[in-house]
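Please keep the sequence and the model open while reading.

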Amino acid sequence: MKSPVHRCRDVEHGRGHAGSGSGCLQAEQRIPISKDIITSSSASAMWFIRDACGIVCGVITWLLVLYAEFVVLFVMLLPSKNLTYSIVNGTLFNSLAFLALASHFRAMCTDPGAVPKGNATKEYIESLQLKPGQVVYKCPKCCSIKPDRAHHCSVCKRCIRKMDHHCPWVNNCVGENNQKYFVLFTMYIALISLHSLVMVVFHFLYCFEDDWTKCSSFSPPATVILLILLCFEGLLFLIFTSVMFGTQVHSICTDETGIEQLKKEERRWAKKTKWMNMRAVFGHPFSILWFSPFSTPDHGKAETYQYVV
C-alpha cells in the first residue's frame, strides 16, 4: 500500500478540493460506480498481448501438448492389440487435451479485466459528479481511473481488475474475466499429465512382458526415449499445474488475489462465503458449464467497484 503522502500525487479530487493537500488526510469515501463504466471497450474484441516471452511460452505450451498427443497415439495406443483399451484411453486423452488447449486459448485471448486506458481526464472526472471529500485514484502509468482491487501490469501496460498475476504461459494476466479459463487450463493439463503417466507405466509393463519390437511401431531405443521424455514432461507439469490449480482455488475461496496476498493489503471488500466466491468466478448457478472453456461466466451485472485504494 502506498503511503497517504505518496497517494496524494496520484489522486484526483472532486471540484472544490483540487490541489488541496489536506484532502489526502481526510477519511476516504468509497464511490460505487457501475461495472459498465469501467469495462474496457476491447472487452468484446479479440485480446492479445504482444510480448515476445509470452508468445514463445504459449507456443511451447501447445508444442508440449502436441508432443504428448503424438507419443500417446502413435507409440502407445495405435500399436496396442487391445482395441477397447485404445479407444477408451484415446477418447479420454484427446478430450482432455482438447479442453486444455481450448482453456489455454480462452485464457490467452480474453480481456482479463482491463480498465479503459487514458480515461482519467479532467472532463471525465467532472462527469462523475464527485461530492466534497470523495476521491478517485488515478494510475500514473496508464492514466486510467483505477478502481479498488485493480493493479497495473507492466507487461500488459494496463490496470487489471482483480489481477492475480501475469502468467507468461498463457501470455496474459489472470484477472476477473479470465480466471475461470486459467483454472480450467491448469486442471486439464494436470489431468492429461496424470493420464499419460499411468499409460506410460502400463505400456512399459506390457513391453517388458512382450517383445519390444511388437509393442511399438518404433524401434526399441526410440520407444524408450520417447516414453522417458513423456514421463518427465508429465511428471513435471503434473506437479506444476497441480500446485497452480490449488493456489488458484484457494485464492478464489478466500476472495484474495495473489497480489493482494503478497502485498498483504487491507481487506476493503465485503466478505462472502467460499461457495459464493466460486460462483462469482465460474458462474451462477453450479452446472456442467463450470467445466467448459466455451461458457462465459456471469460475473454479476449489478457489480460495482470503488474508485479508491
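Helix 2 has 26 residues, which at 1.5 Å a residue should span 38 Å; its end C-alpha atoms are 36 Å apart, which agrees. The expected span is 1.5 Å times one less than the number of residues, and helices (H or I, at least four residues) and strands (E, at least two) are DSSP runs numbered from the N terminus. This is a predicted model, in which local features need pLDDT of at least 70 and side-chain atom pairs count only at pLDDT 80 or more, while totals for chains, interfaces and linings use all residues. Residues are numbered from 1 along each chain as its sequence is written, and side-chain values use heavy atoms, with hydrogens and water left out.

**Helix 2: buried residues**
- Buried residues of helix 2 include G54, C57, G58, T61, V65 and A68; buried means under 20% relative accessible area, exposed over 50%, and partly exposed in between (1.4 Å probe, protein chains only).
- Also buried in helix 2 are E69, V71, V72, V75, M76 and L77.
- The buried residues of helix 2 pack against helix 3 (83-109), helix 5 and helix 6, where contact means heavy atoms within 4.5 Å.

**Nonpolar surface patch**
- F48, I55, V59, L63 and L66 make a nonpolar surface patch of about 440 Å².
- Patches are made of residues with over 30% relative accessible area and no salt bridge, with like charges joined within 9 Å and nonpolar side chains (Val, Leu, Ile, Met, Phe, Trp, Tyr) within 5 Å; accessible areas come from the Shrake-Rupley method with a 1.4 Å probe, and for residues only the protein chains shown count as cover.
- L66 sits in helix 2 (residues 52-77) and counts as partly exposed, at 47% relative accessibility.

**Salt bridges**
- The model has 4 salt bridges, each a side-chain nitrogen of Lys or Arg within 4 Å of a carboxyl oxygen of Asp or Glu.
- R149 pairs with D255, with the closest N and O atoms 3.2 Å apart. R149 lies in the loop between strand 4 (144-145) and strand 5 (150-153) and D255 in the loop between helix 6 (220-254) and helix 7 (258-263), so the bridge ties together parts 106 residues apart in sequence.
- R149 is buried at 10% relative accessible area, and D255 is buried at 7%.
- D255 also forms a salt bridge with K162, at 3.6 Å between the closest N and O atoms. K162 lies in the loop between strand 6 and strand 7 (165-167), so this pair ties together parts 93 residues apart in sequence.
- R149, K162, D255 and E260 are linked in a salt-bridge network.
- E176 and R161 form a salt bridge at 2.9 Å, N to O, and both residues are buried.
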